[in-house]
Amino acid sequence: MPEGSPALILAVPTGNSDGLSGAAAEISTIIGLDNPALEVRAARVSAPGAAGSTEADSLRTVLVEAAARRPGTATAAIVVPLVATPHQAAITGIHEAIAASGAIARVAEVFNRSEEHTSELQSHH
């Protein structure tokens, strides 16, 4: 990735910081090693409607930090939902965090987001 690219934020639907270890941390590390100029972080997605968290690992806080490092009209971050199956609460929480942060961010598509796609994958095994 070229220097100055938006941050890549891996959004993990979890109620606590423990969910940011394990697979999410490994994915962040691998992407960061392959792309040293890219800021890669894992962040916790709060449940929709939850009180705004100011914890350092919350998606809202991570987005605010990413936006502070980018010009005002530039995309600050690409948010990748780390979910294995459709998870509407996580997607809603991501959009709420983006709105609350004021950051310009894009949300990547969730893989396996439809029953049809899941059925198609299962039929190829």
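**Exercise 1: Ser5**

Task: Determine whether Ser5 is buried or exposed.

Solution. Ser5 has a relative accessible area of 15%. Buried means under 20% relative accessible area. Ser5 is therefore buried. The model on which this value rests is predicted. As to location, Ser5 belongs to the segment before β1. Once residues up to four places away in sequence are set aside, Ser5 touches Leu38 and Arg70.

**Exercise 2: Pro6**

Task: Classify Pro6 by its relative accessibility, and state which residues Pro6 is in contact with beyond its neighbours within four places in sequence.

Solution. Pro6 is placed in the segment before β1, the strand that spans 7–13. Its relative accessibility is 22%, so Pro6 counts as partly exposed. With neighbours within four places in sequence left aside, the contacts of Pro6 are Leu38, Arg70, Thr75, Ala76, Ala77 and Ile78. For one of these residues, Thr75, a C-alpha separation from Pro6 can be given: 6.0 Å, although the two residues are 69 residues apart along the chain.

**Exercise 3: β1 and β2**

Task: State in which sense β1 and β2 pair, and explain why β2 is described as largely enclosed.

Solution. The pairing of β1 and β2 is parallel and extends over six bridges. Within this arrangement, Leu8 stands opposite Val40 of β2. Strand β2 comprises residues 40–45. Five of its six residues are buried, so β2 is largely enclosed by the rest of the structure.

Key: Residues numbered from 1 in each chain as written. Predicted model: local features only at pLDDT ≥ 70, side-chain atom pairs only at ≥ 80, totals over all residues. Heavy atoms only, no water. Helix = DSSP H or I, 4+ residues; strand = E, 2+ residues; numbered from the N terminus. Buried < 20%, exposed > 50% of the residue type's maximum accessible area, 1.4 Å probe, protein only. Contact = heavy atoms within 4.5 Å. Pairing = 2+ DSSP bridges.
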